[in-house]
Amino acid sequence: DMHFTDADLILPFYKRSEFAGLSYEKQAKKIRKGYKIFRDFNVNPEIWIAPSHCFDKITLQAIFNETSIRVVSDGIALNQYFEDYNVGDKRTTPGRTITETDIVMHAMHSGDFFPHHVDAEFAKKGPFGQRIAQFSCTFSIGIALTASIVNKRAFTYGFERLRFPNPVFIGDTIHTKVTIKEKKDDPKRPQYGQVNEACEILNQNDKCVCYSEHILLVERKNT
């Protein structure tokens, strides 16, 4: 488990696209600028969370000339085998507010311009009284929130039991709770086992808006 305090320095707002085409010097300058913001607020960071695709630990320490900085990737990579999973383990993602832009952009990507999603006047007369997010939009964003942790020993086999018990409205904030529900042998691949993750996407009132079971194929030890 990872726990952070007020003294931690967290810079998740740097994205890969922000560094594209920049020289090393300009990338370092950009990182220093973000670092100074925290220094100006008298924050003395104990942990630096940096974009793992931009700088490694040695580079960051050289940029700031502070070897005491501990570096943790913002996209946390695990090396977890099938035997390391425990039924009942849980984790909860950060939240994400669903905006009108999310719904419109998803309609453009998917072709789902159903009036319940994009026609405010039509939606007023519907069962919910306002526009709702596409179910596929809710699912894709909610599951994407879980991808902050990636296991190098596992990959997705599929999703089962997908349900949408409640709608998501513009302005709702969703997060996802992941619970290890089951482990079992894979009938076709003896070098792998199946791990079933129950994924509950919840709104700001902890009401479930999407449920699914994520099936992972996970490498076994010593195979």
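This is a predicted model: local features need pLDDT of at least 70, side-chain atom pairs count only at pLDDT 80 or more; totals for chains, interfaces and linings use all residues.
Take Glu 197, which sits in strand β10. Glu 197 is buried, yet it has no salt bridge. Its nearest side chain of opposite charge is Arg 91, 4.6 Å away.

## Salt bridges across the chain

Side chains of opposite charge can pair when their charged atoms come close. This structure holds eleven salt bridges, and here are some of them.

Let's begin with Lys 221 and Asp 84, whose closest N and O atoms are 3.1 Å apart. Lys 221 is in the segment after β11 (208–219), while Asp 84 is in the loop between β4 (76–78) and β5 (90–92), so this bridge ties together parts that are 137 residues apart in sequence. Lys 221 is partly exposed, at 37% relative accessible area, and Asp 84 is partly exposed too, at 28%.

Next up is Arg 220, which pairs with Asp 185 at 2.5 Å between the closest N and O atoms. Arg 220 also lies in the segment after β11, and Asp 185 belongs to strand β9 (residues 173–185), so the two parts being tied together are 35 residues apart in sequence.

Arg 161 is in strand β8 and Glu 213 in strand β11, so to speak two distant parts of the chain, 52 residues apart. Glu 213 is buried, with a relative accessible area of 1%.

Which residues end up in one network? Salt bridges that share partners join Glu 160, Arg 161, Lys 181 and Glu 213.

## Rings that meet

A pair of aromatic rings is described by the distance of the centres and the angle of the planes. There are four aromatic pairs in this structure. One of them is Phe 139 with Phe 159, an edge-to-face pair with 5.1 Å from centre to centre and 85° between the planes. The pair links distant parts of the chain, with Phe 139 in helix α7 (residues 135–144) and Phe 159 in strand β8 (residues 154–163), 20 residues apart. Phe 139 counts as buried, at 18% relative accessibility, while Phe 159 counts as partly exposed, at 33%.

Phe 155 and Tyr 192 are also edge-to-face, with their centres 5.6 Å apart and 80° between the planes. Phe 155 lies in strand β8 and Tyr 192 in strand β10 (residues 192–202), so their pairing ties together parts that are 37 residues apart in sequence. Phe 155 is partly exposed, its relative accessible area being 40%.

## A charge over a ring

Lys 183 lies over the face of Phe 82, at 4.6 Å from the ring centre.

Terms used:
Residues are numbered from 1 along each chain as its sequence is written. Side-chain values use heavy atoms; hydrogens and water are left out. Rings of Phe, Tyr and Trp (its six-membered ring) pair if their centres lie within 6.5 Å; planes under 30 degrees apart count as stacked, over 60 as edge-to-face and the rest as tilted. Helices (H or I, at least four residues) and strands (E, at least two) are DSSP runs, numbered from the N terminus. Buried means under 20% relative accessible area, exposed over 50%, partly exposed in between (1.4 Å probe, protein chains only). A charge sits over a ring if NZ of Lys or CZ of Arg is within 6 Å of the ring centre and within 35 degrees of the ring normal. A salt bridge is a side-chain nitrogen of Lys or Arg within 4 Å of a carboxyl oxygen of Asp or Glu. Lys and Arg count as positive and Asp and Glu as negative; His and the chain ends are not counted.
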